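Please keep the sequence and the structure in view while reading.

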Amino acid sequence: MKKKELVVSAIKNGTVIDHIPADKLFQVVRILDLDHNDSQTLFGTNLSSQKLGKKAIIKIQDKFFETNEINKIALVCPTATLTIIKDYEVVEKRAVTIPNEFEGIVKCFNPKCITNHEQVTPKFRVLDAHDIKLQCHYCQKITKEETISFL
Ligand code: CTP
Ligand code: ZN
């Protein structure tokens, strides 16, 4: 077996977000609000990856993401994988997936949309998960990757 060294140290309990395209790292930090989190967190970026060329990785001690946070990661980095670590062992590994429908998370890009004027939580149907196209439940307008902004 080939000897393997971890570039970013192992964690005891928590979540590893792997296969983040290197240029998306700081966007992930922002949407998950990791600059306001008290958990011990390790970052690595510009690590070589066969699939992505250059990837980033985030390891967060004692953090287990909820669906809403996983959906955010998926919208920014559809290639990401989440690994759950318990007592230094990998107990679960899965790719993130973009849901067919979701609420909150993203702002409707239409300035006239009711969700931008009243206390109405945005709600979207995902028309295309690869070349992101999100249709607003209220105004029917389509928010695309270039116009996406997170709540
Ligand atoms: N990991 C960790 N702490 C541990 C165990 C694993 O941070 N106690 C990390 C590894 O660094 C790796 C991920 O969790 O980024 C998945 O671990 P593992 O399945 O052992 O690694 P690989 O086989 O290299 O996974 P992949 O093929 O998904 O890169
Ligand atoms: Zn709308």
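Is Leu42 buried, partly exposed or exposed? The model is predicted. In it, Leu42 counts as partly exposed, because its relative accessibility is 24% and the buried class requires a value under 20%.

Leu42 sits in strand E2, residues 41-49. Setting aside residues up to four places away in sequence, Leu42 touches Val8, Ser9 and Ile11, as well as Ile57, Ile58 and Lys59.

Next comes Gln61. Strand E3, residues 53-61, holds this residue. Gln61 counts as buried, at 14% relative accessibility. Beyond its neighbours within four places in sequence, Gln61 contacts Ile11, Lys12, Asn13, Gly14, Ser39 and Gln40. The Gln61 side chain also reaches the backbone oxygen of Asn13, at 3.3 Å.

| Residue pair | Separation along the chain | C-alpha distance |
|---|---|---|
| Leu42 and Gln61 | 19 residues | 8.5 Å |
| Gln61 and Gln40 | 21 residues | 5.4 Å |

Where does Thr115 lie? Thr115 is in the loop between strand E6 (101-103) and strand E7 (123-128). Thr115 is buried, with a relative accessible area of 10%. Which residues does Thr115 contact, leaving aside its neighbours within four places in sequence? They are Cys108, Val120, Thr121, Pro122 and Tyr138.

To recap the accessibility classes: Leu42 is partly exposed, Gln61 is buried, and Thr115 is buried.

Methods: Residues are numbered from 1 along each chain as its sequence is written. Chains are lettered from A and ligands numbered from 1 in the order in which they are written. This is a predicted model: local features need pLDDT of at least 70, side-chain atom pairs count only at pLDDT 80 or more; totals for chains, interfaces and linings use all residues. Side-chain values use heavy atoms; hydrogens and water are left out. Helices (H or I, at least four residues) and strands (E, at least two) are DSSP runs, numbered from the N terminus. Buried means under 20% relative accessible area, exposed over 50%, partly exposed in between (1.4 Å probe, protein chains only). Contact means heavy atoms within 4.5 Å. A polar contact is a pair of N or O atoms within 3.5 Å; within protein, one must be able to donate a hydrogen and the other to accept it, and residues adjacent in sequence count only if both atoms are side-chain atoms.
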